[in-house]
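Please look over the model shown here.

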Amino acid sequence: MTAVAKDADTRETGRSGEAGPGSSRGFLARRDGAAWLVAGLALVLGGVFVGFDLAYNQGKLIAPLDDVYIHLRYGSQIGRGQFFEFHPGDPVSTGASSLLYAFVLGAGHLVGFRGDLLLPFAVVLGIGCLAGTTAVVYRLGRTFASRTVGVWAGILVAVSGPLLWGAASGMEVGLTALLLTGTVLAFVRERPLARFRVTPVLGALLALVRPEGLVVAVLIAGAMLWTVLRERRRVGAAAWSLLPVAAGAGQYAFYLLATGTATANGVRAKSHLHDRPQFFLGEFVDRTVANVRGFVDALAGLNEQDFAFPGLLLLAVGGLGHLLVTRREWRPLLVALSLGLAGVLVAAATLSTALIHELRYLQPFLPLFVLFAVCGVHALTRLLAGARARRAALHTVLVVALLFSLLALPAWAVKLGRQAATIRDTDVSVGAWVSGNLPPDAVVGVKDVGAVAYFGGRRTVDLIGLTTNGLAEPANNGTGALYEALRRLPEADRPDYFAVYEERPGPPMQPLFDAGLFGEGPLITFHVRTPPALDGFSIVPFRELHVFRADWRLAGTGDAPPPGVTGEIKDYLNTGDLAGEEAHGWTARMAQPGLQPDTVLRRQGDVVDSGRVIVGGERFTAGGLTPGEPLTIHARTLAPGVEREVRVRVDGTDVGTWRFHRSEEWRHRAFTVPGDAVTGESVTVELEPVRPLLSPYPEYTSFGYWFSQPR
């Protein structure tokens with residue numbers, strides 16, 4: 001008999017009297033006290049975290065993230081039968097990052113958890129799901145390695161500060177973690193017979209609970225398909241294994257049919273693919289890799305965030321590698337999980353918010369990293385001679401990991417309480433003030449729309465574009481584009497009030513104030529009184545949040561033709577207005593990759609206009625022209641600093657040089673295109689540097705162009 005076979009920490013063989021892999025008795029054997037022990041530990045610690053929340057908020061349960069209230073709002077609306085209408089009568093919007101979780105909250109509302117009871121329902125659900133996750137992790141550890149590995153993995157998951165924070169936050173962290181680990185356990189149990197019945201269902205739910213979950217679910221579906229086809233099962237069984245893929249495709253089909261785009265609002269607002277006016281591949285790779293490095297540092301325990309015990313990521317990679325070599329029967333699943341977890345890191349890293357909010361996108365996947373890390377420790381200790389030495393080494397290393405986790409645990413509980421108190425200081429307080437002080441029919445434009453909408457009882461316009469369709473792209477283009485999108489709303493839908501802060505996310509608000517849109521000053525200011533953490537971090541990016549009364553009297557004044565225009569105006573391009581730019585095929589020709597043509601908003605006298613900051617040139621098309629007639633281009637531009645010149649090309653033909661004289665205020669300038677260059681009813685105009693490649697480049701702010709011809 002080998003030393004491994006003699007080891008007390010043997011792999012699960014079924015001789016303990018419990019159901020082995022492939023059994024139909026269920027995922028958790030009732031007589032297995034260890035599973036109930038680790039689950040109970042998670043429940044107790046979850047209750048402690050809730051206690052810290054209550055202690056910081058005078059006995060009132062408050063969510064530590066404003067995003068929680070977005071989901072609560074969608075959930076309550078679903079419970080009323082108004083599916084994904086953020087307000088009654090609104091079009092369907094995709095501001096909830098978890099489609100499934102919104103339905104779960106809707107079910108909670110439907111059975112009676114309404115108003116102030118819906119958040120406690122979400123928190124209890126999250127903690128309960130985390131408890132279930134610890135028990136499932138225990139079973140996976142027992143299956144992959146030994147009972148001792150399972151117990152240690154369950155304990156380390158139960159005492160994980162980030163997981164307890166996420167479970168008690170009211171977000172979908174606990175539910176996602178349970179569906180993830182449950183899908184893996186279902187695969188493990190159904191693999192011996194190559195008959196997957198439960199796994200595809202859980203995988204489909206995993207695909208719907210988080211976009212990152214979809215990545216793992218699709219790869220597990222591939223592992224099921226491989227297993228079924230290799231065992232020469234029926235086509236129907238193979239098709240059923242692709243249910244997670246169908247669920248993911250159905251979700252995006254729903255988005256497309258309901259909103260006109262398959263991209264959710266959260267992705268449009270936060271993804272590196274969409275959150276800048278122009279996409280540059282090099283910039284995308286640079287930003288994404290930086291976030292991946294941040295994830296690696298956190299998972300490796302190499303920063304001060306205490307997201308993981310030191311060495312977790314390295315041990316997890318080693319554990320996965322060892323299992324891939326030694327456990328051939330699980331190889332398709334292990335390959336899928338290896339690729340899936342790597343895919344999760346890359347997918348989440350494409351978001352500009354990836355490293356904030358305590359890495360909440362990564363939290364649901366931490367149980368698997370912990371599980372494989374413990375398997376890695378187990379594999380390393382197998383290199384030692386003697387069962388006693390192996391057991392001693394295994395327990396010693398994992399006790400150290402446990403001590404690191406326990407030392408970080410109080411800090412995470414304090415974080416939860418402090419951050420909930422910060423949300424109470426700001427977003428929740430604003431919502432309560434809005435409810436008691438603004439007219440019932442008021443429309444409020446909001447940054448961080450969740451709590452204000454949930455407690456305010458007023459229709460809101462999301463200035464970041466999560467819950468209001470069509471505003472994510474203008475917000476990502478800057479204040480000027482956002483202003484143009486807001487002023488084009490029907491008057492009944494325009495914000496009557498604004499509850500805003502200056503800092504990111506979202507464009508700066510000061511230009512709106514300078515332009516007069518916010519009236520003479522704030523009606524009320526809410527200060528963040530909650531002390532920040534020791535590192536100065538606060539869960540909100542601002543220290544003050546203001547409420548203004550809107551003043552739209554100057555809206556649209558920038559569209560009026562400038563003085564001195566002669567002839568008949570045939571066309572008008574409002575630079576900074578996305579709709580106008582798209583209609584004219586407008587693009588910026590920036591002189592350097594990475595330079596962004598951000599929009600600005602400026603008021604001069606009684607005229608308010610949006611514009612683009614240009615370093616290089618522009619390209620656009622003017623229509624409605626009379627061929628053969630001279631065309632005068634009237635521009636409103638601001639060119640501070642030294643004089644700049646741009647070369648003007650019309651349909652590719654060089655028609656001269658346009659000089660922008662130095663000015664600290666915008667000026668109206670005109671350039672006449674000869675009639676023989678106007679060869680059709682529309683022409684494409686290109687403004688470009690006189691000296692291509694070399695600096696100094698043309699640098700100016702473009703506010704708009706009017707195109708006129710003789711009457």
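Val289 counts as partly exposed because its relative accessibility is 44%; the class lies between buried, under 20% relative accessible area, and exposed, over 50%, with a 1.4 Å probe and protein chains only. This is a predicted model, in which local features need pLDDT of at least 70 and side-chain atom pairs count only at pLDDT 80 or more, while totals for chains, interfaces and linings use all residues. Residues are numbered from 1 along each chain as its sequence is written, and side-chain values use heavy atoms, with hydrogens and water left out.

Val289 belongs to helix H14 (residues 281-299); helices are DSSP runs of H or I with at least four residues, numbered from the N terminus. With Leu273, Phe279, Leu281 and Val285, Val289 forms a nonpolar patch on the surface, and together they have about 460 Å² of accessible area.

The buried residues of H16 are Pro332, Leu333, Leu334, Ala336, Leu337, Gly340, Leu341, Val344, Leu345, Ala348 and Ala349.

Which residues does Ala348 contact, leaving aside its neighbours within four places in sequence? They are Glu212, Phe295, Ala354 and Tyr361, where contact means heavy atoms within 4.5 Å. Ala348 lies in H16 (residues 331-349) and is buried, with a relative accessible area of 0%. The C-alpha atoms of Ala348 and Arg659 are separated by 46 Å, the two residues being 311 apart along the chain.

Notes. Patch = residues over 30% accessible without salt bridge, like charges linked within 9 Å, V, L, I, M, F, W, Y side chains within 5 Å. Areas by Shrake-Rupley, 256 points an atom, 1.4 Å probe, with all protein chains shown as cover. Salt bridge = Lys/Arg side-chain N within 4 Å of Asp/Glu carboxyl O. Helix = DSSP H or I, 4+ residues; strand = E, 2+ residues; numbered from the N terminus.
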